[in-house]
Amino acid sequence: MALLVIIIALGYSAFSAWRRRSNGEGEPTWYVFLFVTSLIAWIAAGSVGSANYNNNMVPFYDVQNLNTYTAVDPAVYRGQQLMDAGRFVFTPDSKLDLQKSMGFRNNDLYCVAPIVSGNTQLDSYDFWAVGTNCCSGHAADFHCGEFNNPQAISGLRLMREDQRPFFRLAVQQAEAAYNMKATHPIFLYWMQDPMAEINAYQDAAFKTFLLSIFGFFAFQFFMVVMAMFVFAKRG
């Protein structure tokens with residue numbers, strides 16, 4: 001709000017200087033320059049800051065606010081029992097059943113693969129590894145995330161509500177194709193270290209913040225140099 005007040009004040013000064021120019025009382029050059037570049041800075045800060053927050057900090061905060069469950073056995077637990085889970089650590093014998101993977105296409109490919117323990121046939125397949133554009137959609141060829149990492153027995157919950165319906169449709173196709181049941185599927189990204197992934201969101205937000213600051217500083221410096229050159233030529 002304070003920045004907006006400053007920009008409005010600069011705009012008023014630029015307008016006043018422009019009116020004085022009409023009366024032959026000088027050029028409003030630097031007043032207009034300060035107003036325009038400050039307005040650009042305000043708009044850019046709002047746009048980039050909002051995008052940075054939504055893309056990086058919202059997933060970070062969402063997962064941080066949820067619970068962590070360890071020693072989760074897909075054969076024992078049901079999705080309804082872990083509604084508040086953000087991070088999962090499964091039992092050591094848990095794995096992806098790649099032979100029961102499936103894909104659903106809606107512009108992008110929404111790929112799913114059930115998480116199982118050992119070779120047990122489950123009553124309900126409620127835990128699903130997911131990814132986009134990492135399967136063919138017409139064969140059991142899921143290769144999303146750390147699908148081939150033998151150390152991966154953890155998951156980070158999918159937080160994007162806009163993707164959830166399409167993954168649900170992929171699971172429904174798998175239910176029909178493999179004669180299986182998924183009563184309350186929970187979607188997650190399969191990986192070895194969820195905390196590293198969570199911290200990566202925060203690191204990405206901080207890097208974007210710094211790059212934005214230095215990027216606009218370089219832009220402002222360039223504009224000042226150009227303005228000095230143009231104003232000098234105009235006398």
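Biologist: Where is the place of Phe33?

Modeller: Phe33 lies in helix α2, residues 29-64. Helices (H or I, at least four residues) and strands (E, at least two) are DSSP runs, numbered from the N terminus. Residues are numbered from 1 along each chain as its sequence is written. This is a predicted model, in which local features need pLDDT of at least 70, side-chain atom pairs count only at pLDDT 80 or more, and totals for chains, interfaces and linings use all residues, while side-chain values use heavy atoms, with hydrogens and water left out.

Biologist: What is the mean pLDDT of the chain?

Modeller: The term pLDDT is the predictor's confidence in each residue, from 0 to 100. Here the chain has a mean of 88, and 88% of its residues reach 70 or more. Among the elements, the lowest mean pLDDT (64) belongs to helix α1 (residues 2-22), and the highest (97) to strand β6 (residues 127-132).

Biologist: Does Phe33 count as buried or exposed, and which residues does Phe33 touch?

Modeller: Buried means under 20% relative accessible area, exposed over 50%, and partly exposed in between (1.4 Å probe, protein chains only). Phe33 counts as buried because its relative accessibility is 9%. A contact means heavy atoms within 4.5 Å. Not counting residues up to four places away in sequence, Phe33 touches Gln220, Met223, Val224, Ala227 and Phe231. The C-alpha atoms of Phe33 and Val224 are 8.6 Å apart, although the two residues are separated by 191 residues along the chain.

Biologist: How many aromatic pairs does the structure hold?

Modeller: A pair of aromatic rings is described by the distance of the centres and the angle of the planes. Rings of Phe, Tyr and Trp (its six-membered ring) pair if their centres lie within 6.5 Å; planes under 30 degrees apart count as stacked, over 60 as edge-to-face and the rest as tilted. The structure holds 12 such pairs. One of them joins Phe60 and Tyr61 edge-to-face, at 5.5 Å centre to centre and 65 degrees between the planes. Phe60 is buried at a relative accessible area of 8%, whereas Tyr61 is partly exposed at 39%.

Biologist: Why is the pair of Phe88 and Phe127 edge-to-face?

Modeller: The ring centres of Phe88 and Phe127 are 6.1 Å apart and their planes stand at 70 degrees, so the pair is edge-to-face. This pair links distant parts of the chain, 39 residues apart: Phe88 in strand β2 (residues 85-90) and Phe127 in strand β6. Phe88 is buried, with a relative accessible area of 0%, and Phe127 is buried at 1%.

Biologist: Which residues form one aromatic cluster?

Modeller: That cluster is formed by Phe104, Tyr110, Phe166, Phe167 and Phe187.
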